[in-house]
Amino acid sequence: MELAVLLVFIPTFFFVSITPGMCMTLALGLGMSIGFRRTLWMMLGEVFGVALVAISAVLGIAAIMIKMPWLFIAFKTAGALYLAYLGLQMWQSRGKMALSDDNLQSTQSSNLGLLVQGFVTAIANPKGWAFMISLLPPFINPEQALIPQLSVLVGIIMISEFVCMSLYASGGKALRTLLLNQQNVRTMNRISGSLMFGVAVWLLLS
């Protein structure tokens, strides 16, 4: 893949991953209640769940674009506009994603139960599907082999998700205090929103 593409994709996905959402909140809650080592089972399930969502999103759209190449331009434009919309929504957020005691979850599940919980959380998240469908395909070059490109992007996604969840799961009370502050969450949302808006502009101009 082109270096310029990776330099845009990596920071964008990292900052989107690290914003406190469903999976990151789960990692924080479990990390505080059952410890980092056991939370690794949930994280493993989530990482593979996200990978499945990403692969399914790209392959489904790629199958359509192979038959109708002109859809690539249309889809890239639609994806860019959707990312710009998401970026604007995150900028306008008033810290609504700030954590509370109610959504810091605890569990007595087995290791297998934690694995399944992470996997199901990832694949049952409609926002995750919408994001993967809109973000990933525009980064795929239709003139090059699909599998190598998809492998690189999915690998980046899995590493980014794991690193971010590790930060949440090991952050403990200090990270919880940080994220209970709506201003801090608003700042994170605005950084992510700015990157997503920038990617949208880049996609429209490329």
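Predicted model: local features only at pLDDT ≥ 70, side-chain atom pairs only at ≥ 80, totals over all residues.
**Exercise 1. Which backbone oxygen does the side chain of Ser 166 reach?**

Residues are numbered from 1 along each chain as its sequence is written, and side-chain values use heavy atoms, with hydrogens and water left out.

*Solution.* 
- Step 1: locate the residue. Ser 166 lies in helix 7. Helices (H or I, at least four residues) are DSSP runs, numbered from the N terminus.
- Step 2: check burial. Ser 166 has 13% relative accessibility, so it counts as buried (under 20% relative accessible area, 1.4 Å probe, protein chains only).
- Step 3: find the partner. The side chain reaches the backbone oxygen of Phe 162 at 2.8 Å.
- Step 4: list contacts (heavy atoms within 4.5 Å). Beyond four places in sequence, Ser 166 is in contact with Phe 36 and Met 43.

**Exercise 2. Describe how helix 1 packs with helix 6.**

*Solution.* 
- Step 1: Two packed helices are described by the angle between their axes and the distance between the axes.
- Step 2: read them. The angle is about 170°, and the axes are 13 Å apart. Axes are lines fitted to C-alpha atoms over the stretch in contact, with angles from 0 to 180 degrees between N-to-C directions.
- Step 3: classify. Helix 1 is therefore roughly antiparallel to helix 6 (angles over 145 degrees).
- Step 4: name the residues. Phe 9, Phe 13 and Val 16 of helix 1 meet Phe 131, Met 132 and Leu 135 of helix 6.
- Step 5: sort by class. The contact has six nonpolar, no polar and no charged residues.

**Exercise 3. Trace the largest nonpolar core.**

*Solution.* 
- Step 1: define it. A nonpolar core is a set of buried Ala, Val, Leu, Ile, Met, Phe, Trp, Tyr and Cys residues joined through side-chain atoms within 4.5 Å.
- Step 2: count. The largest has 32 residues, and those with the most contacts inside it include Phe 9, Phe 131 and Leu 135.
- Step 3: find the suppliers. Helices 1, 3, 4, 6, 7 and 8 each supply at least two residues. Helix 3 gives the most, with six.
- Step 4: follow one member. Leaving aside neighbours within four places in sequence, Leu 135 is in contact with Phe 9, Phe 13, Leu 83 and Val 199.
- Step 5: look elsewhere. A second, separate core of 17 residues includes Met 24, Leu 26, Met 43 and Leu 175.

Methods:
Buried < 20%, exposed > 50% of the residue type's maximum accessible area, 1.4 Å probe, protein only. Parallel < 35°, antiparallel > 145°, perpendicular 65-115°, else oblique. Nonpolar A, V, L, I, M, F, W, Y, C, P; charged D, E, K, R; others polar. Polar contact = N/O pair within 3.5 Å; in protein donor to acceptor, adjacent residues only side chain to side chain.
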